[in-house]
Amino acid sequence: MSISTIDPAVAESEILDPRILLERRERRLRVIMPIVSILAVLGLWEFLVWYNEVPHYLIPAPSLIAKTLVQDWSSLMQSAAFTVKLTLLSLGLAIIGGVLLGMLFALSRTVEMCLFPFAVILQVTPIIAIAPLILIYVSNTFFALLICAWIVAFFPILSNTAIGLRSADHNLRDMFRLYQATPWQRLRHLLIPSALPYFMAALKIAGGLSLIGAVVAEFVAGTAGQNTGLASRILESSFRNEIPRMFAALFLVSVLGVGIFLVTSWLSHLVLGHWHESEIKRET
Amino acid sequence: MNAASPLPKAAGLTGAPVLIDMKDVSKRFANGTVALRGMSLQIRNGEFVSFLGPSGCGKSTALKMISGLLSFSSGSITVNGHPAGESPHGSDIGYVFQEATLMPWATVFENVFLPLKLQGLGKGEAKARVEEALSMVGLANFARSYPRELSGGMKMRASIARAMVTKPKLLLMDEPFAALDEMTRSKLNDEVLGLWRSHGLTVIFVTHSVFESVYLSSRVVVMAARPGRVVHDIALPGADTRTSAYRMTSEYTDNCRLVSNALEGTMDHVDLNH
Ligand SMILES: Nc1ncnc2c1ncn2[C@@H]1O[C@H](COP(=O)(O)OP(=O)(O)OP(=O)(O)O)[C@@H](O)[C@H]1O
Ligand SMILES: [Mg+2]
């Protein structure tokens, strides 16, 4: 044979190595950079507070917030657990309700036309304006808070599920018809997979919204006492002028929000990573 | 050219029973486009019919109506004696769409497995058949790939494998090989011919290639646009015994000339400004 061939092993290692290295570097940077920048901001904060001798009841230094966090750990954790419970329950109910109603909407235009206006009204009315009413009508405070958080998280799931279930490719629909798929097969193998990208996008939004709903509702309720969430700790600290404790509770709310965001993003990647454009890393 | 006789002469196998009977079928879309007007066509069991015609003349529309996926405005279509789309053996039709139409969330294997899955077969039972269909189109090594990892031609081949996997009695193919290279195309041409001969299939094959239609079919239906209709119906006997040597014969070149003249006649009617 006179045709020269290229040794694939050599070619591959030569072509791929710099790229793999670059990718590894990028992955490391993606973890390190946010940490470094947050640490830098905290350091600057600490320094400015110390240098300008800002009193702690105005802006506490990060070190003082951390100390408060440790001191009040048990009470803050109790409140955090309450808020987590409220958030996750409302998100769970929003998923169940949104998906079921979304399926109903996708099945029947008539149902959609009848019910959609109510969903929109619920969505556009600020929760902070409805919350006092709900708190009056529902005697159990926890249920009232749950309803408020649910209303906020429910809409994106509902509307995206309904749109997603309708978004299946029309040629694929034709194919399912040609092979005489049963309604269940169509739902299971065509409509649900087509709706998943829409649903995951809604889940990311609803996750954050359910936390916001839980906190806002508690602010409106203004409940005090043992069995209350982080919003009550913030209110309470504000009344007592315990600003470091307020910051500590605020910090925990942020951590919760970031946690929810990370979990929903990870879920989305898990479900869509192998096929959907939004989660695929393009090769350049 | 005198080929533009308005009534096409009947062509095709004379003895076999009629499988598809289109009578005076018209299709008007909701936006007012008249895609077909007064199309009549009889296709007998075991024929290999090519639809040839300018872009937009209604070839895909006709195919969709025969499969029962698209309704028509007037006329009638029966397949095997049943109104189109109402056959009790719907899965006896294989359809290769003009686009590959694969499920992006499923592997090539799962995509090809789908028709069998919808018929209620388990993965274990179907595995051999799916693998057979995949190796026929040369995708045996890509069973675990996702559609986005395939080239355009490979996607099309996966879609062909999916249409073949149920061993359909009637195979409808809408420009299946348009995106393929010459070698693959010629290999798949022979594959389809082989299937047609050995399984007693009936094939309707939409193409823009005169050579392909002459090489493959026992009958070429030439259509014209605005409105879509049949203008020529050309029988090409001997299709069931052709070998690839047929491409070297003068009969082949003569037939190509005949069909391409007929096709040119249709271009008179096309107003490219509309
Ligand atoms: N859904 C639709 N709504 C309105 N008009 C349509 C629709 N689908 C097709 N048409 C029209 O019907 C005519 C025939 O379309 P068709 O797709 O059958 O053409 P074709 O012969 O398959 O063309 P090509 O070779 O380009 O695939 C075209 O003029 C097109 O504009
Ligand atoms: Mg077409």
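Visitor: In the hairpin of β9(B) and β10(B), which residue takes a positive phi?
Guide: This is a predicted model. The hairpin has four residues between its strands. Among the hairpin's residues, the one with a positive phi, near 50°, is Arg226(B).

Visitor: How many bridges pair β9(B) with β10(B), and in which sense?
Guide: Strand β10 of chain B covers residues 229–235. Val222(B) has its bridge partner in β10(B) at His232(B). The two strands pair over six bridges, and the sense is antiparallel.

Visitor: Which residue of β9(B) is the bridge partner of Leu52(B)?
Guide: Strand β3 of chain B, residues 48–52, also pairs with β9(B). That pairing is parallel and has four bridges. The partner of Leu52(B) is Val222(B).

Visitor: Is strand β9 of chain B largely enclosed or open?
Guide: Take the faces one by one. On one side Arg219(B), Val221(B) and Met223(B) are buried. On the other, Val220(B), Val222(B) and Ala224(B) are buried too. Six of the six residues are buried, so strand β9 (residues 219–224) of chain B is largely enclosed.

Visitor: Which protein donors does the magnesium ion (ligand 2) have?
Guide: The donors lie 1.9 to 2.3 Å from the ion.

Visitor: Is Gln98(B) buried, partly exposed or exposed?
Guide: Buried means under 20% relative accessible area, and exposed means over 50%. Ser60(B), at 24%, falls in between. Gln98(B) has 35%, so Gln98(B) is partly exposed.

Visitor: How much area do chain A and chain B bury between them?
Guide: The contact takes 19 residues from chain A and 27 residues from chain B. In chain A, Asn171(A), Leu178(A) and Tyr179(A) lose the most area, together 33% of what that side buries. Carbon and sulfur atoms hold 64% of the buried area between the chains. That buried area is about 2,200 Å².

Visitor: How many residue pairs are in polar contact between chain A and chain B?
Guide: Salt bridges between the two chains number zero. Polar contacts are counted with both residues at pLDDT 80 or more. The count of residue pairs is five.

Visitor: Which element gives the most to the side of chain A that touches chain B?
Guide: Two elements give two or more residues to that side: α7 (170–178) and α8 (183–221) of chain A. The top contributor gives seven residues. That element is α7(A).

Visitor: What do the buried residues of α7(A) pack against?
Guide: The buried residues are Asn171(A), Leu172(A), Asp174(A), Met175(A), Phe176(A) and Leu178(A). Within chain A, they pack against α8. In chain B, their partners are α1, β6, α2 and α4 (152–164).

Visitor: At the start of α7(A), which residue's side-chain oxygen reaches the backbone nitrogen of Asn171(A)?
Guide: Just after the helix, Gln180(A) takes a positive phi of about 50°. At the start, the oxygen comes to within 3.0 Å of the nitrogen. That oxygen belongs to Asp169(A).

Visitor: Why are Arg233(A) and Glu236(A) separated by about one helical turn?
Guide: Their side chains meet in a salt bridge, 2.9 Å from N to O. Arg233(A) is buried at 4% relative accessibility, and Glu236(A) is buried at 16%. Both lie in helix α9 (residues 230–240) of chain A, so the separation of about one turn follows from a spacing of three residues.

Visitor: Which residues are linked with Arg233(A) in a network of salt bridges?
Guide: Side chains of opposite charge can pair when their charged atoms come close. Glu242(A) and Arg245(A) form one such bridge, with the closest N and O atoms 3.4 Å apart. Glu242(A) is partly exposed at 29%, while Arg245(A) is buried at 9%. The residues linked with Arg233(A) are Asp72(A), Glu236(A), Arg240(A), Glu242(A) and Arg245(A).

Visitor: Is Arg30(A) buried, partly exposed or exposed?
Guide: Arg30(A) forms a salt bridge with Glu26(A), the closest N and O atoms being 3.6 Å apart. Both lie in helix α1 (residues 8–52) of chain A, four residues apart. Glu26(A) is partly exposed at 42%. Arg30(A) has 52% relative accessibility, so Arg30(A) counts as exposed.

Methods: Residues are numbered from 1 along each chain as its sequence is written. Chains are lettered from A and ligands numbered from 1 in the order in which they are written. This is a predicted model: local features need pLDDT of at least 70, side-chain atom pairs count only at pLDDT 80 or more; totals for chains, interfaces and linings use all residues. Side-chain values use heavy atoms; hydrogens and water are left out. Buried means under 20% relative accessible area, exposed over 50%, partly exposed in between (1.4 Å probe, protein chains only). Two strands pair if DSSP finds at least two bridges between them. Donors are N, O and S atoms within 2.8 Å of the metal (3.2 Å for Na, K and Ca); water is not among the atoms, so sites may look incomplete. Contact means heavy atoms within 4.5 Å. Buried area is the accessible area (1.4 Å probe) that two parts lose on being put together, summed over both. A salt bridge is a side-chain nitrogen of Lys or Arg within 4 Å of a carboxyl oxygen of Asp or Glu. A polar contact is a pair of N or O atoms within 3.5 Å; within protein, one must be able to donate a hydrogen and the other to accept it, and residues adjacent in sequence count only if both atoms are side-chain atoms.
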